[in-house]
Amino acid sequence: MTEKAAIHCDEFLPHPPARVWEALTDPELHARWWAAGDVKAVVGHRFTLDMGPFGQQPCEVVEVEVERLLRYSFAAGTLDTTVTWRLVPEGHGTRLLLEHAGFDLDTPMGRQAHQGMGQGWPSVLRRIAPALAE
């Protein structure tokens, strides 16, 4: 049986959900804190994220709840994982919850990606607030 693993992170952002939603769905803003790509909050939209040394990663939006949830497949054909962003209003800001799920720990690539992204995601999320403040 294949063991699947997930990474969970959360970050409080001192911005309303509408502004955090922009960070996730506006390609120009998205490129400032994570990766360039034609991301759009439209179910069925296919886009590619330029992950620099990790290559071009194909994605497809699978679920959208405006200003609440964005889910897309990530690295189809290689990692075959899913990235889910949840936005929860909290005080004068937003709690952004990330789940990156579906890592196949029975494969070397899956184990390596799970470990590397598990270490990398927290620093990626910390770049959102400064990008929103620009």
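Tutor: The accessible surface of the protein chain comes to about 7000 Å². Carbon and sulfur atoms hold 53% of that. Keep in mind that this is a predicted model.

Student: What share of the residues is buried?

Tutor: Of the 134 residues in the protein chain, 43% count as buried.

Student: And the elements, in what order do they run?

Tutor: From the N terminus on, the protein chain reads β-α-α-β-β-β-β-β-α-α. That is four helices and six strands. The radius of gyration is 14 Å, close to the 14 Å from the globule rule for 134 residues, so the chain is as compact as a globular protein of that length.

Student: What does the C-alpha trace span along its principal axes?

Tutor: About 45 × 25 × 25 Å.

Student: Now the sheet. What's the strand order?

Tutor: It is an open sheet of six strands, ordered β1-β6-β5-β4-β3-β2, with antiparallel pairing. The edge strands are β1 and β2 (46–50), each pairing on one side only. The twist averages 25 degrees from one strand to the next.

Student: Take β1. Which side chains point to the buried face?

Tutor: In β1 (residues 4–13), Ala5, Ile7, Cys9, Glu11 and Leu13 point to one face and are buried.

Student: How many bridges join β1 to β6?

Tutor: 10 bridges, with the two strands running antiparallel.

Student: Switching to β4. Why call it largely enclosed?

Tutor: Six of the six residues of β4 are buried, so the rest of the structure largely encloses that strand. Leu69, Arg71 and Ser73 point one way, while Leu70, Tyr72 and Phe74 point the other.

Student: What about its partners?

Tutor: β4 (residues 69–74) pairs with β3 (residues 56–65) over six bridges, antiparallel. There, Glu63 stands opposite Arg71, and Glu65 has Leu69 as its bridge partner. Six bridges also join β4 to β5, again antiparallel. Tyr72 stands opposite Val83 in β5.

Student: Which residues take a positive phi in those hairpins?

Tutor: In the β3 and β4 hairpin, with three residues between the strands, Glu67 has a positive phi near 60 degrees. In the β4 and β5 hairpin, with six residues between, Ala75 does, also near 60 degrees.

Student: Where do the helices sit?

Tutor: Helix α1 (residues 17–25) lies across β1, β3, β4, β5 (81–90) and β6, at about 160 degrees to β5. Helix α3 (residues 108–126) packs on the sheet and touches β1, β4, β5 and β6. The direction of α3 makes about 5 degrees with that of β1.

Student: Last one. Which residues have the most contacts inside the largest nonpolar core?

Tutor: Trp33, Trp34, Tyr72, Trp85 and Trp121, in a core of 37 residues. Leaving aside neighbours within four places in sequence, Trp121 contacts Ile7, Cys9, Trp34, Trp85, Leu98 and His100.

How values were computed: Residues numbered from 1 in each chain as written. Predicted model: local features only at pLDDT ≥ 70, side-chain atom pairs only at ≥ 80, totals over all residues. Heavy atoms only, no water. Buried < 20%, exposed > 50% of the residue type's maximum accessible area, 1.4 Å probe, protein only. Pairing = 2+ DSSP bridges. Core = buried A, V, L, I, M, F, W, Y, C linked by side-chain atoms within 4.5 Å. Contact = heavy atoms within 4.5 Å. Axes fitted to C-alpha atoms, helices over the stretch in contact; angles between N-to-C directions. Rg over C-alpha atoms; globule rule 2.2 N^0.38 Å. Areas by Shrake-Rupley, 256 points an atom, 1.4 Å probe, with all protein chains shown as cover.
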